[in-house]
Amino acid sequence: MAAAGTCGTGTRSTGSVVAAASTNNVTSFQRRGPRASGADSGCSRLVSIAGTRPSVRNGQLLVSTGLPALDQLLGGGLAVGTVLLIEEDKYNIYSPLLFKYFLAEGIVSGHALLVASAKEDPADILQKLPAPLIDDSYKKECDEDVCSHKTESDIKMKIAWRYQLLPKMEAGPVSSSRFGHYYDISKRIPQELIETSKWHGFFLPEKISSTFNAEPCSLTSGYMKLLQFIQNIIYEEGFDGSNPQKKQKNILRIGIQNLGSPLWGDDICCTENCDTSHSLTKFLYILRGLLRSSLSACIITMPTHLIQNKAVIARVTNLSDTVVGLESFIGSEKETNPLYKDYHGLIHIRQIPRLNNLIYDISDVKDLAFKLKKKLFTIERLHLPPDLSDTVSRSSKQDLAESAKLLGPGCGMTAGGKTHLDF
Amino acid sequence: MYPELNNLLNTSPEGAEQGKLTLLCDAKTDGSFLVHHFLSFYLKANCKVCFVALVQSFSHYNIVGQKLGVSLTAARERGQLVVLEGLRSAVDVFFRPREQLHPLQFLREASAGDLQLLYAFVRDALEPVDGGEASWRCPVLLVDDLSVLLSMGAGPVAVLDFVHYCRATVCREWKGNIVALVHDSGDAEDEESDVLLNGLSHQSHLILRAEGLATGFCKDVHGQLRILWRRPLQPTAHRDRSLTYQYKIQDKSVSFFAKGMSPAVL
């Protein structure tokens with residue numbers, strides 16, 4: 001099984017692009033086959049990094065996003081070396097949660113963190129991370145919710161029989177797994193965990209106050225400084241294997257908040273034809289270049305609903321690897337739609353990358369909704385797609401909108417109701 | 001390369017045409033499987049290939065190439081393949097500037113630059129060298145993809161100029177081929193992308209357009225491929241030939257079938 005081919009391979013060729021000799025790339029995309037050309041003898045064993053696991057499909061190294069349900073939807077997790085772009089919801093209420101889950105997962109797994117924000121001091125962001133749940137306390141809460149619905153789960157489903165046959169969506173912690181943890185949003189992360197973790201913060205107002213650069217940059221100065229900061233950390237801490245002193249065997253989790261907002265000095269959200277229109281796309285391209293050649297994964301939240309120029313959104317989507325969009329119901333007409341009354345919003349998996357493969361793991365279910373409960377953020381299916389298999393007879397009844405309520409026993413979370421429309 | 005696609009296009013590695021510009025286009029779906037097809041096709045056809053890989057890292061193309069039966073590292077070592085890795089080079093250009101000019105130098109410029117250095121790189125890579133070494137069939141330039149050049153700061157006219165120069169040298173002078181992938185932004189109203197796509201469509205001999213299904217996502221049919229044969233610069237006495245097929249991407253190949261004839265539905 002392949003993990004990252006990174007055990008301290010030092011020589012990274014920074015010379016000509018036409019590299020004739022085979023160089024040892026320090027990317028996680030390299031599949032570990034039998035090494036023909038006598039590479040490091042020290043890496044004959046498989047080196048596994050805490051908090052990661054190889055993908056089932058292509059041996060790609062994956063890290064957890066902090067939400068096991070989201071990991072499942074993304075095909076097991078977020079691949080190391082890729083960018084996860086979260087398109088923020090309208091009032092930026094739920095996307096910071098995904099951001100915090102990602103960072104909290106990094107702390108719990110022992111990864112290094114790099115937090116960049118133009119709005120909030122990274123130290124404050126880290127203070128507000130959710131506390132990890134240990135298995136026992138989670139089970140107690142799970143039982144409280146479910147006991148009232150126990151009677152419903154025993155009744156066999158007559159109409160939505162397909163939902164009963166489905167395996168339950170993973171809603172509880174599996175105690176033996178060390179990949180993906182559950183968090184309690186109502187509690188803060190214990191201070192000791194933050195102190196023992198290695199983190200770097202980039203707070204734009206502090207960094208930008210220095211000298212005014214005369215040289216016209218192709219990027220806005222905020223992005224420029226951020227890129228240099230990231231590159232610096234990656235090089236100094238040895239995440240790309242090129243630093244001969246430091247051989248890092250850890251993952252760097254990078255979190256960038258509200259990228260593209262006016263606070264970063266970019267007016268892409270303000271006008272349609274802006275001068276710095278290429279700044280954001282260039283930044284994303286170079287960031288991806290940095291990520292691909294190092295052991296890091298990045299989450300970016302971007303207020304795409306504010307970007308006036310649709311072309312930019314399309315380009316940004318093409319330049320990112322995984323794109324997840326959040327659409328909250330607050331203030332929209334969907335808030336009063338009975339179909340959605342148990343949920344707070346929809347989650348759209350807009351893009352999943354094909355890495356080292358022609359195909360990719362894409363879930364069949366496209367209708368996904370999320371709900372923020374007191375302690376947890378859950379993602380659930382709304383409908384099942386129609387069954388095209390041969391065993392389905394023509395006379396079987398189709399599920400309708402109210403099938404959302406019938407998901408109850410299937411997921412163990414929602415309230416069960418049995419009203420349905422009959423043809 | 002996908003044998004079924006070879007049959008549809010009526011080509012084979014032994015009898016590949018020369019002097020053609022093939023345009024790969026995708027709308028609402030991912031057309032990169034076509035890039036992998038042409039890369040393995042031309043490597044098997046014993047052509048010298050210059051691959052401008054701007055979207056993914058080299059090892060990604062290598063691993064997929066191995067599934068399709070070619071080894072990119074071996075091809076690179078014997079000199080058949082020259083790769084420009086965009087992601088890695090962009091980091092070099094940006095953080096470690098040096099005296100020699102780099103093909104992606106325009107990344108550092110504030111205003112929209114031109115792609116002259118990139119053209120010089122392609123020209124040097126594909127120049128037929130006389131005498132001594134193994135002779136390759138014909139030079140081929142493969143670009144994945146041109147829309148990323150727009151995101152990197154080059155204007156659509158600069159990209160069209162680059163393609164024009166490459167065509168003049170690679171297709172006309174050296175009787176080679178060019179294959180390039182461009183994204184169609186559809187209703188995203190990307191004017192620059194539309195200019196680029198329209199300009200290239202009029203210059204190409206073969207257009208392969210991968211579209212997502214109009215009805216949305218389907219597990220068994222991943223999209224639709226439109227093939228259009230054109231004769232640019234010739235009066236179109238009769239219509240250009242066009243075919244439409246639907247496809248499903250599998251682990252090591254892509255299967256094509258007529259519309260509505262997917263084995264899952266029959």
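## Chain B at a glance

Helices (H or I, at least four residues) and strands (E, at least two) are DSSP runs, numbered from the N terminus. By that count, chain B has nine helices and nine strands.

Keep in mind that this is a predicted model, where local features need pLDDT of at least 70, side-chain atom pairs count only at pLDDT 80 or more, and totals for chains, interfaces and linings use all residues. Residues are numbered from 1 along each chain as its sequence is written, chains are lettered from A and ligands numbered from 1 in the order written, and side-chain values use heavy atoms, leaving out hydrogens and water.

## The sheet

Let's look at the strands of chain B. They build an open sheet of nine strands with mixed pairing, in the order β3-β2-β4-β5-β1-β6-β7-β8-β9; two strands pair if DSSP finds at least two bridges between them. At the edges stand β3 (81-85) and β9 (254-257) of chain B, each with a single partner strand, so one side of each has no neighbour in the sheet.

Strand β8 (residues 242-249) of chain B runs antiparallel to β9(B), and four bridges join them. B:Lys248, for one, has B:Ser255 in β9(B) as its bridge partner.

A nonpolar core is a set of buried (under 20% relative accessible area, 1.4 Å probe, protein chains only) Ala, Val, Leu, Ile, Met, Phe, Trp, Tyr and Cys residues joined through side-chain atoms within 4.5 Å.

Back in chain B, 61% of the 266 residues are buried.

Terms used:
Buried means under 20% relative accessible area, exposed over 50%, partly exposed in between (1.4 Å probe, protein chains only).
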